[in-house]
Amino acid sequence: MDRRKGPRSPKYSISLWNCYESASTLLPKTKNTVDGWHRGFSSLLGYAYHPTLWIFIEVLKDRQHLEDIKQEQFISDCSKKIRNLTLSYNTNYVSE
């Protein structure tokens, strides 16, 4: 409290440090996921501080190829699970 002018305004606004909205919408409170992605991507670049454009493009292509493979594996796994569920479905329990 300033003796002459009354209470001082806060150094940081309430909207900057208030976590109510992020907690109610289940948003992450930290940026650890972004930091982890950045670290992983930097390792793909070989920790080069300023990679050339061509190295950057090649790394992006490689990364995209890996993501495509992961997506195909996920879809394949889901279709296997659905097929197994439909094959094991017992129609005797269905009420008429």
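## Overall layout

The chain contains four helices and zero strands. Read along the sequence, the elements therefore follow the pattern α-α-α-α. The chain has 96 residues, and 6% of them count as buried.

## Confidence of the prediction

The mean pLDDT of the chain is 79. A value of 70 or more is reached by 86% of the residues. Among the helices, helix 2 (residues 20-24) has a mean of 74, where confidence in the chain is lowest. Confidence is highest in helix 4, at 87. Where pLDDT is low, the predicted coordinates should not be read in detail.

Which residues make the nonpolar surface patch? The patch is made by Tyr-12, Ile-14, Leu-16 and Trp-17, and its area is about 500 Å².

Leu-16, one of these residues, belongs to helix 1, which covers residues 14-17. Is Leu-16 buried or exposed? Its relative accessible area is 60%. The cut-off for exposed is over 50%, so Leu-16 counts as exposed.

## Salt bridges along helix 4

The model has four salt bridges. One of them joins the side chains of Glu-67 and Arg-63, with 3.3 Å from N to O. These two residues are four residues apart in helix 4 (residues 53-87), so they are separated by about one helical turn. Glu-67 also forms a salt bridge with Lys-70, and here the closest N and O atoms are 3.6 Å apart. Glu-67 and Lys-70 are three residues apart in helix 4, again about one turn of the helix.

How exposed are these partners? Glu-67 has 31% relative accessibility and counts as partly exposed. Arg-63 is partly exposed too, with a relative accessible area of 29%. Lys-70 has a relative accessible area of 45% and is also partly exposed.

Lys-81 and Asp-77 are four residues apart, about one turn of the helix. Asp-77 counts as partly exposed, at 36% relative accessibility. Through shared partners, salt bridges join Arg-63, Glu-67 and Lys-70 into one network.

A pair of aromatic rings is described by the distance of the centres and the angle of the planes. The model has two aromatic pairs. In the pair of Trp-37 and Phe-41, the ring centres are 5.0 Å apart and the planes are at 10°. Planes under 30 degrees apart count as stacked, so this pair is stacked. Trp-37 and Phe-41 are four residues apart in helix 3 (residues 32-44), which means that about one helical turn separates them.

Is Phe-41 buried or exposed? Phe-41 has 12% relative accessibility and counts as buried, because the cut-off for buried is under 20%. Phe-41 also pairs with Phe-56, with 6.0 Å from centre to centre and 80° between the planes, an edge-to-face arrangement. Phe-41 is in helix 3 and Phe-56 is in helix 4, so this pair ties together parts that are 15 residues apart in sequence. Phe-56 is partly exposed, with a relative accessible area of 32%. Trp-37, Phe-41 and Phe-56 form one aromatic cluster.

## Leu-44 and its surroundings

Leu-44 is another residue of helix 3. At 40% relative accessibility, Leu-44 counts as partly exposed. Which residues does Leu-44 contact, leaving aside its neighbours within four places in sequence? Leu-44 is in contact with Val-59 and Arg-63. Arg-63 is also a member of the salt-bridge network with Glu-67 and Lys-70.

Leu-44 and Ile-55 are eleven residues apart in sequence. In space, their C-alpha atoms are 9.9 Å apart.

Conventions: Residues are numbered from 1 along each chain as its sequence is written. Side-chain values use heavy atoms; hydrogens and water are left out. Buried means under 20% relative accessible area, exposed over 50%, partly exposed in between (1.4 Å probe, protein chains only). Patches are made of residues with over 30% relative accessible area and no salt bridge: like charges are joined within 9 Å, nonpolar side chains (Val, Leu, Ile, Met, Phe, Trp, Tyr) within 5 Å. Accessible areas come from the Shrake-Rupley method with a 1.4 Å probe; for residues, only the protein chains shown count as cover. Rings of Phe, Tyr and Trp (its six-membered ring) pair if their centres lie within 6.5 Å; planes under 30 degrees apart count as stacked, over 60 as edge-to-face and the rest as tilted. pLDDT is the predictor's confidence in each residue, from 0 to 100. Contact means heavy atoms within 4.5 Å.
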